[in-house]
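This report describes one protein model, from its overall fold to selected residues. Please keep the sequence and the structure in view while reading.

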Amino acid sequence: MEQGNKIENKGSKAASDKEKIQWYEKVGQWFQTLCLIHIPIFGFFYMLVLALKKSTPPQKKSFATAYVLYRILVLFLAFTVLFVLYRVGLGFIDEILKYAGV
């Protein structure tokens with residue numbers, strides 16, 4: 001009976017070690033992903049590849065898709081704000097130049 005328990009404990013310990021290794025692999029992969037997306041320009045293209053690649057795990061693929069859409073939205077809004085400020089600024093500069101007599 002005791003030998004059976006030892007074998008069972010050994011098997012459960014091996015399964016527990018295997019689960020820990022799988023957990024650390026998942027954490028390591030996510031850590032790598034988060035580090036790479038913070039590299040300017042490269043990170044965007046890395047996430048674009050993850051979003052479009054068929055072999056990407058579903059959780060990472062949906063995260064990559066959301067990240068790419070978020071970055072495109074932010075880029076669009078930034079250009080919109082810059083354009084508005086540019087147009088307002090040109091009129092303001094013209095008024096200042098007229099006032100200065102240049």
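The protein contains 3 helices and 0 strands, arranged along the sequence in the pattern α-α-α. Helices (H or I, at least four residues) and strands (E, at least two) are DSSP runs, numbered from the N terminus. The model is predicted: local features need pLDDT of at least 70, side-chain atom pairs count only at pLDDT 80 or more, and totals for chains, interfaces and linings use all residues. Residues are numbered from 1 along each chain as its sequence is written, and side-chain values use heavy atoms, with hydrogens and water left out.

**Surface and interior**

The accessible surface of the protein is about 9,000 Å², and 70% of this area belongs to carbon and sulfur atoms. Such areas come from the Shrake-Rupley method with a 1.4 Å probe; for residues, only the protein chains shown count as cover. Of the 102 residues, 12% are buried. A residue is called buried under 20% relative accessible area, exposed over 50%, and partly exposed in between (1.4 Å probe, protein chains only).

**The nonpolar core**

The largest nonpolar core consists of 8 residues: I37, Y46, M47, L50, A51, A64, Y67 and V68. Helices α2 (42-52) and α3 each give two or more residues to this core, and the largest share, 4 residues, comes from α2. Such a core is a set of buried Ala, Val, Leu, Ile, Met, Phe, Trp, Tyr and Cys residues joined through side-chain atoms within 4.5 Å.

| Residue | Relative accessible area | Class |
|---|---|---|
| T56 | 8% | buried |
| K60 | 10% | buried |
| V88 | 54% | exposed |

T56 lies in the loop between α2 and α3. A polar atom of the T56 side chain is 3.1 Å from the backbone oxygen of L50. Contact means heavy atoms within 4.5 Å. Apart from neighbours within four places in sequence, T56 is in contact with L50 and K61.

K60 belongs to helix α3. With residues up to four places away in sequence not counted, K60 touches Q29, W30, T33 and L50.

V88 is also placed in helix α3, which covers residues 58-100. Together with F83, Y86, L90 and V84, V88 forms a nonpolar patch on the surface, with about 500 Å² of accessible area together.

Technical notes:
Patches are made of residues with over 30% relative accessible area and no salt bridge: like charges are joined within 9 Å, nonpolar side chains (Val, Leu, Ile, Met, Phe, Trp, Tyr) within 5 Å. A salt bridge is a side-chain nitrogen of Lys or Arg within 4 Å of a carboxyl oxygen of Asp or Glu. A polar contact is a pair of N or O atoms within 3.5 Å; within protein, one must be able to donate a hydrogen and the other to accept it, and residues adjacent in sequence count only if both atoms are side-chain atoms.
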